[in-house]
Amino acid sequence: VKGATFEEALSRGYAPDGGLYVPEQLPQLSAEQLTVWRKLDYASLQEEIMRLFVGDELAADELSEVVRGSYRGFSHPEIVPVVPLATSPETCQEESAKKRRTTEETPVFIAELFHGPTFCFKDLGQQVLVRLLARFAERGRLKRTFLVSTTGDTGPAAMRAVADAASDSLKIVVFYPEGQISELQR
């Protein structure tokens, strides 16, 4: 949809034609910019990327507050640590007792996506999404209710994100199929 703002696209979810919103134009990034970004921590990188799409709808300090607040409940300071892949059970035991292997010894790495408050990768998106929606709802003095139907991690991640946002503007209702989810997901 031409002319949709960041807030409109975020708040509506689906475009009027039933499809997804996509930017009218993708930003061009230079090799120098990518080199600078390579040195940023996760939250700082997310701010830089989001700033390209948010435009002037959120001031830099507002965007930073949303992003940084989204990750306060994560159990690892790196948010998404990238760790070397252990190649055998013996290696796992060795690595727990020793320093992590160097890049030369282990060229395969894994991004750990389970350090969020509900231990699932969906925390990475839900925390930021809900805080952005809360910010826009509060600004417009709106009330929003999220309706979620899930058989897995989406419900707990969304519920926790709404709770963590601590906004009077947001409510959530989650439906689970009886007997189809684990105790941890409840």
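Ala43, Ser44, Gln46, Glu47, Met50, Arg51 and Val54 in α3 meet Ala60, Leu63, Ser64, Val67 and Arg68 in α4, where contact means heavy atoms within 4.5 Å. The residues of this contact divide into six nonpolar, three polar and three charged; Ala, Val, Leu, Ile, Met, Phe, Trp, Tyr, Cys and Pro count as nonpolar, Asp, Glu, Lys and Arg as charged, and the others, Gly among them, as polar.

This is a predicted model, in which local features need pLDDT of at least 70 and side-chain atom pairs count only at pLDDT 80 or more, while totals for chains, interfaces and linings use all residues. Residues are numbered from 1 along each chain as its sequence is written, and side-chain values use heavy atoms, with hydrogens and water left out.

Helix α3 (residues 42–54) and helix α4 (residues 60–70) pack at an angle of about 130°, their axes lying 10 Å apart.

The structure also holds three aromatic pairs, a pair being rings of Phe, Tyr and Trp (its six-membered ring) with centres within 6.5 Å, and planes under 30 degrees apart counting as stacked, over 60 as edge-to-face and the rest as tilted. One of them is the edge-to-face pair of Tyr42 and Tyr71, at 5.6 Å centre to centre with 85° between the planes. Tyr42 belongs to helix α3 and Tyr71 to the loop between α4 and β1 (82–84), so that the pair links distant parts of the chain, 29 residues apart.

Notes
Axes are lines fitted to C-alpha atoms, for helices over the stretch in contact, and angles run from 0 to 180 degrees between N-to-C directions. Helices (H or I, at least four residues) and strands (E, at least two) are DSSP runs, numbered from the N terminus.
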